[in-house]
Amino acid sequence: MSVLFYTHIRKTAGTSVRRSVFDPHITESKRHRPNGYRAAIAAQGPFDLVQGHFPYGLHHFYGTSNPRYFVMLRRPVDRAVSFYYFVEACSGPSYTHPRLEEVRKNSLTEFYENPIHQNVQTRFVAGLLSDYAGRYLSLNGSLGRAVLRRAKQNLIEQYEAFGLKERFKDSVWLFANRLDVTPEWPEKRHKKTGERPAVSDLDEHVRRTVRQYNSLDVELYRFARKQFGQQAAHLNPETGVMS
């Protein structure tokens, strides 16, 4: 049984892509967003789409031997800045982000000193359990290179398609083409981070430090940019038709 798995990495325009490509064409009863791994294990399918903030490998919990994986990536420093200020903004009466106090107590660079926040995109695509890898493992040195190699390999061999937030429209058309559907464009961006500095406005030391803390993501994104063109080389961005 073929099931779609959408690896939703935070602050990569993932929700907008999901609402443009996946949700309009898959009935709600056939979509599953597990709240943790226990929910994934206990899920009563069958489902056509499984999505959420989980790394590659979630298909093992759903008994499918033919998973179709999709993921969006984003420039690492921009994603890191966006996530930090997104957490800071999630302090309203309806929702308080679980990392809010950590953000309030730490500057941007101090926040990313914590390994759990570093190289999130690489860890997700490589298939590492995010919390475990961040809390107990340092991805420096040979371990980091091994994780990066696995992420690159998965991106090409295990993901049916991947997109880039900076090429949002091309990515949506690419995913839609793979699924043989027509995208429904959102009227507005979902969960847009409010007031936050642009990366170019940050002090050079801050940019350099955040980049160093996410150096694996920087390399993965550089690799993805080179490969993205091969995925969409024949895709007409206006019609979504492969020429």
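Start where helix 1 meets helix 9: on one side, S16, V17, S20, V21 and F22 of helix 1 touch F168, V172, F175, A176 and L179 of helix 9. Sort those residues by class and you get eight nonpolar, two polar and no charged ones. Keep in mind as you look around that this is a predicted model.

Now, how do the two helices lie? Helix 1 covers residues 14-22 and helix 9 covers residues 168-179, and they pack at an angle of about 40° with their axes 10 Å apart. Angles between 35 and 65 degrees count as oblique, so helix 1 and helix 9 are oblique to each other. Their crossing is right-handed.

Stay with helix 1 for a moment. Is it mostly enclosed or open to the outside? Eight of its nine residues are buried, so helix 1 is largely enclosed by the rest of the structure. The buried ones are G14, T15, S16, V17, R18, S20, V21 and F22. And what do they pack against? Helix 9 is one partner, and the others are strand 1 (2-7), strand 3 (49-52) and strand 4 (66-73).

Time to zoom out to the whole chain. There are eleven helices and five strands here, and 48% of the 243 residues are buried. If you take contacts between residues at least 6 apart in sequence, 71% of them join residues at least 24 apart.

Key:
Residues are numbered from 1 along each chain as its sequence is written. This is a predicted model: local features need pLDDT of at least 70, side-chain atom pairs count only at pLDDT 80 or more; totals for chains, interfaces and linings use all residues. Side-chain values use heavy atoms; hydrogens and water are left out. Helices (H or I, at least four residues) and strands (E, at least two) are DSSP runs, numbered from the N terminus. Buried means under 20% relative accessible area, exposed over 50%, partly exposed in between (1.4 Å probe, protein chains only). Contact means heavy atoms within 4.5 Å. Axes are lines fitted to C-alpha atoms, for helices over the stretch in contact, and angles run from 0 to 180 degrees between N-to-C directions. Angles under 35 degrees count as roughly parallel, over 145 as roughly antiparallel, 65 to 115 as roughly perpendicular and the rest as oblique. A crossing is left-handed if the near helix is turned anticlockwise from the far one by less than a right angle, and right-handed if clockwise. Ala, Val, Leu, Ile, Met, Phe, Trp, Tyr, Cys and Pro count as nonpolar, Asp, Glu, Lys and Arg as charged, and the others, Gly among them, as polar.
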